[in-house]
Amino acid sequence: MSGRERTDDRARRIARSALSELGREIRRARLDADLSQAVAAASIGRSASAWSRLERGDAPHLPLVELARAANVVGLELNVRVFPAGSPLRDHAHLELLERLRILLAADVGWAT
């Protein structure tokens, strides 16, 4: 298995987990607001079955703006963040630039890529 496939697998797992958690939060907020799925869905122009898929975390192609609208309907605000993780992808030109920098550094400077 290539590194690219592992990255994709990890990204898919993280996305599925995030969608499931968001769905649970939206469901709890909808129930707290005493809204039916049909009423909540209609307020954003979606079907009750589409809303149900969202709450189950089974809407992987739902646009972010739709997710934000759904959250807003039940009194939530969607907040998305990214954090540094893992090694960034470096192309050949990037590696050559790093090598030129390493040559310019003093010999006693530690170096790791």
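At 41% relative accessibility, R27 counts as partly exposed, a label for values between the buried class (under 20% relative accessible area) and the exposed class (over 50%), using a 1.4 Å probe and protein chains only. This is a predicted model, in which local features need pLDDT of at least 70 and side-chain atom pairs count only at pLDDT 80 or more, while totals for chains, interfaces and linings use all residues. Residues are numbered from 1 along each chain as its sequence is written, and side-chain values use heavy atoms, with hydrogens and water left out.

R27 forms a salt bridge with E55, and their closest N and O atoms are 4.0 Å apart. Here a salt bridge is a side-chain nitrogen of Lys or Arg within 4 Å of a carboxyl oxygen of Asp or Glu. R27 sits in helix α1 and E55 in helix α3, so the pair ties together parts that are 28 residues apart in sequence.

How many salt bridges does the structure hold? There are eight. One of them joins R46 and E66, with the closest N and O atoms 3.7 Å apart. R46 belongs to the loop between α2 and α3 and E66 to helix α4, so this pair ties together parts that are 20 residues apart in sequence. R46 is partly exposed at 34% relative accessibility, whereas E66 is buried at 15%.

Another salt bridge links the side chains of E99 and R102, at 2.5 Å from N to O. Both residues lie in helix α5, three residues apart, which is about one turn of the helix. E99 is partly exposed at 34% relative accessibility, and R102 is partly exposed too, at 36%. Elsewhere, salt bridges that share partners join E21, R24 and R28 into one network.

## The nonpolar core

Now to the inside. A nonpolar core is a set of buried Ala, Val, Leu, Ile, Met, Phe, Trp, Tyr and Cys residues joined through side-chain atoms within 4.5 Å. The largest one has 13 residues, of which I26, W51, L54, L62, L67, A70 and V74 touch the most other members. At least two core residues come from each of α1 (3-32), α2 (37-42), α3 (48-56) and α4 (64-73). Which helix gives the most to this core? That is α4, with three residues.

Leaving out residues up to four places away in sequence, I26 touches W51, L54, L67, A70, A71, V74 and L76, where contact means heavy atoms within 4.5 Å.

Within α4, the residues E66, L67, A70 and A71 are buried. Seen down the axis of α4, its buried residues fall within an arc of 140°, so they line one face of the helix; the arc is that of the directions from the helix axis to the C-beta atoms. V65 and N72, on the other side of α4, are exposed. After α4 comes G75, whose phi is positive, near 90°.

Conventions
Helices (H or I, at least four residues) and strands (E, at least two) are DSSP runs, numbered from the N terminus.
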